[in-house]
Amino acid sequence: FGALQTGMIQGQENPMFYIESNKLYEVSAVITDIGHNIFTTAVMANKDFYDGLSDADQALVQQAIAEATDYILDYQQGLEAESMAKIQAAKPEVRFVSLPEDQRVAFREASAAVKAKFVEMTGDSGQAILAQMEADLQDAKGK
């Protein structure tokens with residue numbers, strides 16, 4: 001908040017509910033949606049524990065994860081709209097901008113070097129994590 005307020009930083013990258021709940025909109029004239037910030041969470045378990053589950057129990061866990069993911073994505077959309085309405089009510093002069101697809105391309109292109117560095121630093125395991133994250137994001141976009 002202070003860094004935005006004093007101009008030390010010129011922008012932020014947060015989910016809308018966070019911007020609203022932490023009142024970051026108070027020091028922001030424009031809030032830009034570049035279409036990438038899907039707030040999700042991860043389900044993790046000890047590999048030995050998970051591998052020790054029966055096939056039926058693993059399937060049950062996977063089904064629960066899929067259903068929870070669908071719920072979270074729907075919930076998030078409503079939460080985003082609610083947060084935007086609260087921001088607009090609290091600060092009517094704030095301007096919301098949503099970038100069209102052609103303007104989002106530059107952000108994807110700029111991230112290529114970051115992805116390459118991540119894989120360089122983490123090797124095959126990092127590549128697998130990155131591939132899974134990208135697949136999950138594509139799946140989320142489709143829902």
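Me: Where does E20 lie?
Reply: In helix α2, which covers residues 16-21. Keep in mind that this is a predicted model.

Me: Is E20 buried or exposed?
Reply: E20 is buried.

Me: Which side chain of opposite charge is nearest, and how far away?
Reply: K86, at 4.5 Å.

Me: What is E20 in contact with, leaving aside its neighbours within four places in sequence?
Reply: Y25, S83, K86 and I87.

Me: Back to K86. Which residue does K86 meet in a salt bridge?
Reply: E82. The N to O distance there is 3.3 Å. Both E82 and K86 sit in helix α4, 4 residues apart, about one turn of the helix.

Me: How accessible are those two?
Reply: E82 has a relative accessible area of 43%, so it is partly exposed. K86 comes out at 42% and is partly exposed too.

Me: How many salt bridges does the whole structure have?
Reply: A search finds 5. The E82 and K86 pair is one of them. Two others are K115 with E134 and K117 with E120.

Me: What's the distance for E134 and K115?
Reply: Their closest N and O atoms are 2.9 Å apart. E134 is partly exposed at 32% relative accessible area. K115 is partly exposed at 35%.

Me: And K117 with E120, where do they lie?
Reply: Both are in helix α5, residues 101-141. They are 3 residues apart, about one turn of the helix. The closest N and O atoms are 3.3 Å apart.

Me: Why does E120 count as exposed, but K117 as partly exposed?
Reply: Over 50% relative accessible area counts as exposed, and 20% is the limit for buried. E120 has 60%, so it is exposed. K117 has 42%, so it falls in between.

Me: Switching topic. Which residues make up the largest nonpolar core?
Reply: There are 8: L4, M16, I19, L24, Y25, I31, I87 and V94. Two of these, Y25 and I87, are also contacts of E20.

Me: Now aromatics. How many aromatic pairs are there?
Reply: The count is 1. The pair is Y71 with Y75.

Me: Why is that pair stacked?
Reply: The planes of Y71 and Y75 are at 15°, and planes under 30 degrees apart count as stacked, so the label applies. The ring centres are 6.0 Å apart.

Me: Where in the chain are those tyrosines?
Reply: Y71 and Y75 are both in helix α4, residues 55-90. They are 4 residues apart, about one turn. Y71 is exposed at 57% relative accessible area, while Y75 is partly exposed at 47%.

Me: Last one. How is the protein chain divided into domains?
Reply: Domain 1 runs over 1-99 and domain 2 over 101-142. Their centres, taken over C-alpha atoms, are separated by 18 Å.

Conventions. Residues are numbered from 1 along each chain as its sequence is written. This is a predicted model: local features need pLDDT of at least 70, side-chain atom pairs count only at pLDDT 80 or more; totals for chains, interfaces and linings use all residues. Side-chain values use heavy atoms; hydrogens and water are left out. Domain bounds come from an automatic or database domain assignment. Helices (H or I, at least four residues) and strands (E, at least two) are DSSP runs, numbered from the N terminus. Buried means under 20% relative accessible area, exposed over 50%, partly exposed in between (1.4 Å probe, protein chains only). Lys and Arg count as positive and Asp and Glu as negative; His and the chain ends are not counted. A salt bridge is a side-chain nitrogen of Lys or Arg within 4 Å of a carboxyl oxygen of Asp or Glu. Contact means heavy atoms within 4.5 Å. A nonpolar core is a set of buried Ala, Val, Leu, Ile, Met, Phe, Trp, Tyr and Cys residues joined through side-chain atoms within 4.5 Å. Rings of Phe, Tyr and Trp (its six-membered ring) pair if their centres lie within 6.5 Å; planes under 30 degrees apart count as stacked, over 60 as edge-to-face and the rest as tilted.
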